Amino acid sequence: MKKILIVDDEQGIRENLKMYLEYNENDGFEVTCASDGLEAVKLCENQNFDLVIMDIMMPKMDGMTALKEIRKTQNVPVIVLSARGEEYDKLFCFEMGADDYVTKPFSAKEVVARVKAILNRSGRSVEKERDTRTFGGLVIDFEGRNVIVDKKKVDMTPKEYEVLFFLVRNEGKAVSREKLLSNVWGFDFYGDDRTVDTHIKMLRSNLGPYRNCIVTLRGLGYKFEYEQPEE
């Protein structure tokens, strides 16, 4: 049974989401709740969760600070809950490592659907890829969800891994922003092309000397292309 952590200072929201997740037909989840970011960080230090649902505005420690702390030890997918629906706020959360963004008020059924979609996509990406690809000093381990740059492991957000894995699986092929959104975030994602561009920027930063392997195709999207250096 998948373990979900709900973090929100509103008791009604916690209880409502908990009920829908625990008693969901065919896919019940084991749910733990926290009322603030500090409590969430402590729980993540002692337990492994499959997904976190995190409110932003909370006492003691806000959701973004909690997300940064959790990311230091875990690459667990995170769905952000927020009363703010401005594009800037959404993009900021994605830059901080959020995997999805839900604006309040929301439907509990919709959140459950998003939880399932994220868990299914991350599960498929592990099952489909059972090999390791090497491009010079860049090693991509699909099964272990590891990226090695010149013998050093690079820590990325779950979405950065998924974007890179999808591009590498389609090595040499043009991949549109719309295709990345559909395959990595899901067809029901409400973001836009700038979400993809933001994650590509972060991904390139993490790849260091191999950043140029991700080629920009103006007016279309991106492709992964590795050129063997001349001896």
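Let's start with the surface: the accessible surface of this protein comes to about 11,800 Å², and 47% of that belongs to carbon and sulfur atoms. Please keep in mind that we are looking at a predicted model. Of the 231 residues, 50% are buried.

Now the overall make-up. You can find eight helices and twelve strands here. Among contacts with a separation of 6 or more, 58% are between residues 24 or more positions apart.

Three strands form an open sheet in the order 10-12-11, with antiparallel pairing. Which strands stand at the edges? They are strand 10, residues 175-176, and strand 11, residues 214-217; each has a single partner strand, so one side of each has no neighbour in the sheet. Strand 11 is joined to strand 12, residues 221-224, by four bridges. Then look for helix 6, residues 158-169, which lies across strand 10, strand 11 and strand 12 and runs at about 70° to strand 12.

On to the charged side chains. How many salt bridges does the structure hold? There are ten, and I'll walk you through a few.

One of them brings together the side chains of Asp55 and Lys104, at 3.2 Å from N to O. Asp55 sits in strand 3 and Lys104 in the loop between strand 5 and helix 5, so this pair ties together parts that are 49 residues apart in sequence. Are these two buried or exposed? Asp55 is buried because its relative accessible area is 4%, and Lys104, at 16%, counts as buried too.

Next come Arg114 and Asp100, whose closest N and O atoms are 2.9 Å apart in their salt bridge. This pair links helix 5, where Arg114 is, with strand 5, where Asp100 is, across 14 residues. Arg114 is buried at 4% relative accessible area, and Asp100 is buried at 5%.

Arg133 belongs to strand 6 and Glu171 to the loop between helix 6 and strand 10, so parts 38 residues apart in sequence are tied together. Here Arg133 is partly exposed at 26%, and Glu171 is partly exposed at 33%. Salt bridges with shared partners also join Asp8, Glu10, Asp55 and Lys104 into one network.

Finally, a stop at Thr198 in helix 8, residues 193-207. Thr198 counts as buried at 13% relative accessibility. Leaving aside residues up to four places away in sequence, Thr198 touches Leu91 and Glu95.

Definitions and conventions
Residues are numbered from 1 along each chain as its sequence is written. This is a predicted model: local features need pLDDT of at least 70, side-chain atom pairs count only at pLDDT 80 or more; totals for chains, interfaces and linings use all residues. Side-chain values use heavy atoms; hydrogens and water are left out. Helices (H or I, at least four residues) and strands (E, at least two) are DSSP runs, numbered from the N terminus. Buried means under 20% relative accessible area, exposed over 50%, partly exposed in between (1.4 Å probe, protein chains only). Contact means heavy atoms within 4.5 Å. Accessible areas come from the Shrake-Rupley method with a 1.4 Å probe; for residues, only the protein chains shown count as cover. Two strands pair if DSSP finds at least two bridges between them. Axes are lines fitted to C-alpha atoms, for helices over the stretch in contact, and angles run from 0 to 180 degrees between N-to-C directions. A salt bridge is a side-chain nitrogen of Lys or Arg within 4 Å of a carboxyl oxygen of Asp or Glu.
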